[in-house]
Amino acid sequence: PKARGGSPWLGGAWNGSGGSLDLESVVQPLALNPWDVVLCISGTIISCENAVVVVVIFYAPAFRAPMFLLIGSLATADLLAGLGLVLHFAFVYFIPSEAISLLTVGLLVTSFTASVSSLLTITIDRYLSLYNALTYYSERTVTRTYIMLILTWGASICYGLLPIMGWNCLKEPSACSIVKPLMKNHLIILSVSFFMVFAVMLQLYVQICKIICRHAHQIAVQRHFLASSHYVTTRKGIATLAVILGTFASCWLPFAIYCLLGDYSYPALYTYVTLLPATYNSMINPVIYAFRNQEIQKVLWTVCCGCFSATMPFRSRSPSDV
């Protein structure tokens, strides 16, 4: 018989002709799948990176501003996603169990949903910091931030509980999606939600680009800058936003599209090829949203080599700079 490797999410096996779920493999030893090893390694890197961000944000009392709370939410979601990938690998190959697999699936759905949603909240916060610059630093902003965090994690937890509450295809393999044991309808809802989030982020970044161009032009006129300086400043801001949105789209769009078009009978290879780049987004997020921030860099240097004093005052920054 052919050796069979674990599915991307559940400890099931894929047959040689397609991606159908073989529930008997839950209690049988599985041949080690290289793709699962790569996902586990990715999960380990993701966990380490984002654990550093979470510790740094909780380490310094200065990181209690709304923008850092949102970055902390993103890092926490990505940290859970990384841990979920590692735990899934461990349970699939060492402690195969349907109940435990459903828990790890729920954790992964919750964490990746919270990660994407946190990116949306950061985008909203950036836009509002530019659009309402005069009133941004107020108690109203703090309240709005907590509301966004509650909605983000509330919706993510609800999505993650669906497989555990019975919305899975363990008893009906024909209803499975490309990501077992999630049902096709569940994955369609997740994919449509992603496209809605992406559309809102795209629209907000277009508006941010317009505000950046307008502000750069006003500063250039007031300070009598040359047109070339205005052009350089504007191009730099737009390029940064393009990198942020482009990275997000290139990581998640292939998987989201395949979730809508793919079928449970398709080869598991297609799922792995599209899922792996999606996990890379959680690996790149700390670099884009945390490690580029000068205040976080100062704390990292303090912790690593004591180059800066822990009591060093931080320069207030706009979320648009983060």
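Let's start with a helix pair. Helix α2 passes α3 in a left-handed crossing. Bear in mind that this is a predicted model.

Some geometry for that pair. Helix α3 covers residues 98-131, and its axis lies 8 Å from that of α2. The packing angle is about 155°. Angles over 145 degrees count as roughly antiparallel, so α2 and α3 are roughly antiparallel to each other. What sits in the contact? Its residues divide into 17 nonpolar, 8 polar and 2 charged.

Now a residue on α2. That helix spans residues 66-94, and Leu80 is part of it. Leu80 touches Leu107, Ser111 and Trp153, once residues up to four places away in sequence are set aside. Is Leu80 buried, exposed or in between? Its relative accessibility is 27%, so Leu80 counts as partly exposed. One more distance here. Leu80 and Ser115 are 35 residues apart along the chain. Their C-alpha atoms are separated by 9.4 Å.

Helix α1 runs over residues 34-59, helix α7 over residues 268-291. Their axes come within 10 Å and cross at roughly 15°. Angles under 35 degrees count as roughly parallel, so that is the label for α1 and α7. The crossing of these two is left-handed. As for composition, the contact of α1 with α7 has 18 nonpolar, 4 polar and 2 charged residues.

α2 with α3 is roughly antiparallel. α1 with α7 is roughly parallel. The crossing is left-handed for α2 and α3, and left-handed for α1 and α7.

Staying on α1, look at Val37, which is found in that helix. Which residues does Val37 contact beyond its neighbours within four places in sequence? Leu32 and Phe89. Phe89 is 52 residues from Val37 in sequence, yet the C-alpha to C-alpha distance is 7.6 Å. Val37 has 26% relative accessibility, so it counts as partly exposed.

Next, helix α4, residues 139-164. Thr145 has its place there.

Ser174 lies in the loop between α4 and α5, with α5 at 184-222. Ser174 has 47% relative accessibility, and counts as partly exposed. Ser174 and Lys184 are 10 residues apart in sequence. C-alpha to C-alpha, they are 9.5 Å apart in space.

Last topic, the core. The largest nonpolar core has 68 residues. Which helices supply it with at least two residues each? α1, α2, α3, α4, α5, α6, α7 and α8. Helix α6 is 227-261, and α8 is 294-305. The residues with the most contacts inside this core are Phe63, Met201, Tyr205, Phe248, Trp252, Phe255 and Tyr289.

Take Trp252 from that list. Setting aside residues up to four places away in sequence, Trp252 touches Phe112, Val116, Phe194, Ala278 and Asn281.

Key. Residues numbered from 1 in each chain as written. Predicted model: local features only at pLDDT ≥ 70, side-chain atom pairs only at ≥ 80, totals over all residues. Heavy atoms only, no water. Helix = DSSP H or I, 4+ residues; strand = E, 2+ residues; numbered from the N terminus. Buried < 20%, exposed > 50% of the residue type's maximum accessible area, 1.4 Å probe, protein only. Contact = heavy atoms within 4.5 Å. Axes fitted to C-alpha atoms, helices over the stretch in contact; angles between N-to-C directions. Parallel < 35°, antiparallel > 145°, perpendicular 65-115°, else oblique. Left-handed = near helix turned anticlockwise from the far one by under 90°. Nonpolar A, V, L, I, M, F, W, Y, C, P; charged D, E, K, R; others polar. Core = buried A, V, L, I, M, F, W, Y, C linked by side-chain atoms within 4.5 Å.
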